[in-house]
Amino acid sequence: MGSAVYGGLWRRDAAGLVREQAEELRHRDVWLFSVGMATVKQPHQEFDEARELASLVGARGHRTFDGALDYERLNAGEKAIIRALNPPKGDFRDFAEIRDWAHGVAIE
């Protein structure tokens, strides 16, 4: 299970789903992933909420992947925040890294 990360937090709907289904998820093999901007956190650094969610469901692992920032797709409020933070814009996703991680999950 995974989510985009904004301000160090998972999307509310994704985090809510994990919390609502925590009891069921504790009985399954679960891996979590977060996708966010490396400019806000160091690459592959754990986000506090993701660490808490992983602990809550007994996840076998959590991985953070770099995301993409397309300024033109943001709403006015998001653009204001981005202007203040001034992170680099672009696509920083590494699809080979993502495939390798998913492959590792599949064979565990």
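This is a predicted model: local features need pLDDT of at least 70, side-chain atom pairs count only at pLDDT 80 or more; totals for chains, interfaces and linings use all residues.
Q: Why are H1 and H3 called roughly parallel to each other?
A: Helix H1 (residues 12–20) and helix H3 (residues 48–57) pack at an angle of about 20°, with axes 10 Å apart. The cut-off is under 35 degrees, so H1 and H3 go down as roughly parallel. As for handedness, their crossing is left-handed.

Q: How do you know that H1 and H3 meet, and through which residues?
A: Contact takes heavy atoms within 4.5 Å. On the H1 side, Ala15, Val18 and Arg19 meet Glu49, Glu52, Leu53, Leu56 and Val57 of H3. Sorted by type, the residues of this contact come out as five nonpolar, three charged and no polar.

Q: What makes a set of residues a nonpolar core, and which residues have the most contacts inside the largest one?
A: The members have to be buried and joined through side-chain atoms within 4.5 Å, with buried meaning under 20% relative accessible area. The largest such core here has 14 residues, and Trp10, Val18, Val30, Leu32, Leu53, Val57 and Ala59 have the most contacts inside it.

Q: What does Val18 touch, leaving out residues up to four places away in sequence?
A: Val18 touches Met1, Trp10, Leu25, Leu53 and Val57.

Q: Which residues belong to the other core?
A: That core, apart from the largest one, has five residues, among them Met37, Leu69, Leu74 and Ile82.

Conventions. Residues are numbered from 1 along each chain as its sequence is written. Side-chain values use heavy atoms; hydrogens and water are left out. Axes are lines fitted to C-alpha atoms, for helices over the stretch in contact, and angles run from 0 to 180 degrees between N-to-C directions. Helices (H or I, at least four residues) and strands (E, at least two) are DSSP runs, numbered from the N terminus. Angles under 35 degrees count as roughly parallel, over 145 as roughly antiparallel, 65 to 115 as roughly perpendicular and the rest as oblique. A crossing is left-handed if the near helix is turned anticlockwise from the far one by less than a right angle, and right-handed if clockwise. Ala, Val, Leu, Ile, Met, Phe, Trp, Tyr, Cys and Pro count as nonpolar, Asp, Glu, Lys and Arg as charged, and the others, Gly among them, as polar. Buried means under 20% relative accessible area, exposed over 50%, partly exposed in between (1.4 Å probe, protein chains only).
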